[in-house]
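Welcome, and thanks for taking a look. Below is a short briefing to read alongside the structure.

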Amino acid sequence: MVEVGLVTALTDGYATVKIDKKEECSKCGMCLFPKNAQSIEVKASDPIGCNEGDKVVIETCEELKLLGAVLVFLVPLLLIGLSVLIGYIVIKSEIWILILSVIFVVLWYTILALIDKKLKTLRSFNAVIKRVVSED
């Protein structure tokens with residue numbers, strides 16, 4: 001994903017970039033914008049040394065979107081399938097299938113929250129400022 005935004009703050013090699021919501025964003029719903037928000041702030045790696053107030057182009061890795069979708073949607077579905085398998089073969093009780101499914105999904109999202117905190121510290125998982133946009 002490539003977006004243009006305004007640098008609002010600089011800290012330790014990172015810039016906070018304010019991105020305004022476009023018309024297309026209201027129909028899509030796949031990005032970070034909350035329903036009623038007109039803009040969001042993204043923390044982006046700043047390898048070019050931009051200044052506060054600069055208009056910049058930021059980019060995120062497209063492969064990471066796929067990884068995120070797999071971790072958030074596909075893995076829980078596989079865990080629910082595993083709980084169904086365990087429920088029918090080992091326990092043979094439908095209520096335990098539901099209980100195991102809930103336990104597996106809650107555990108997965110807890111693990112995912114911990115993984116997310118670690119991944120945010122890696123530069124390859126952050127947005128990167130590619131260039132400053134001239135005001136011409």
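Two strands pair if DSSP finds at least two bridges between them. Helices (H or I, at least four residues) and strands (E, at least two) are DSSP runs, numbered from the N terminus. With that in hand, Ser45 has Val128 in E5 as its bridge partner.

This is a predicted model, where local features need pLDDT of at least 70, side-chain atom pairs count only at pLDDT 80 or more, and totals for chains, interfaces and linings use all residues. Residues are numbered from 1 along each chain as its sequence is written, and side-chain values use heavy atoms, with hydrogens and water left out.

**Overall picture**

- The protein has three helices and five strands, and along the sequence they follow the pattern β-β-α-β-β-α-α-β.
- Of the 136 residues in the protein, 24% are buried, where buried means under 20% relative accessible area, exposed over 50%, and partly exposed in between (1.4 Å probe, protein chains only).
- Among contacts (heavy atoms within 4.5 Å) between residues at least 6 apart in sequence, 66% join residues at least 24 apart.

**Confidence**

- The average pLDDT of the protein is 80, and 79% of the residues score at least 70; pLDDT is the predictor's confidence in each residue, from 0 to 100.
- Confidence is lowest in helix H1 (residues 25–28), with a mean of 59, and highest in helix H3 (residues 94–119), at 88.
- Where pLDDT is low, the predicted coordinates should not be read in detail.

**The barrel**

- Five strands close into a barrel in the order E1-E2-E3-E5-E4, with mixed pairing.
- From one strand to the next, the twist averages 55°; axes are lines fitted to C-alpha atoms, for helices over the stretch in contact, and angles run from 0 to 180 degrees between N-to-C directions.
- E2 and E3 pair in the antiparallel sense over seven bridges, and Tyr14 stands opposite Ser45 in E3.
- E3 and E5 pair in the parallel sense over two bridges.
- Strand E4 (residues 55–59) pairs with strand E5 (residues 127–132) in the antiparallel sense over four bridges.
- Val128 in E5 is the bridge partner of Glu59 and also of Ser45.

**The nonpolar core**

- A nonpolar core is a set of buried Ala, Val, Leu, Ile, Met, Phe, Trp, Tyr and Cys residues joined through side-chain atoms within 4.5 Å.
- The largest one has twelve residues, among them Val7, Ala15, Val17, Ile40, Cys50, Val56 and Ile129.
- Strand E2 (14–20), strand E3 (39–45), E4 and E5 each supply at least two residues of this core.
- Not counting residues up to four places away in sequence, Val7 touches several residues, including Ala15, Val17, Cys50 and Val56.

- Ser83 is found in helix H2 (residues 62–91) and counts as buried because its relative accessibility is 0%.
- Setting aside residues up to four places away in sequence, Ser83 touches Ile97, Leu100, Ser101 and Phe104.
- Leu100 belongs to helix H3 and, at 16% relative accessibility, counts as buried too.
- Leu100 touches Ser83, Ile86 and Ile91, again without residues up to four places away in sequence.
- The C-alpha atoms of Leu100 and Gly87 are separated by 7.8 Å, and these residues are 13 apart along the chain.
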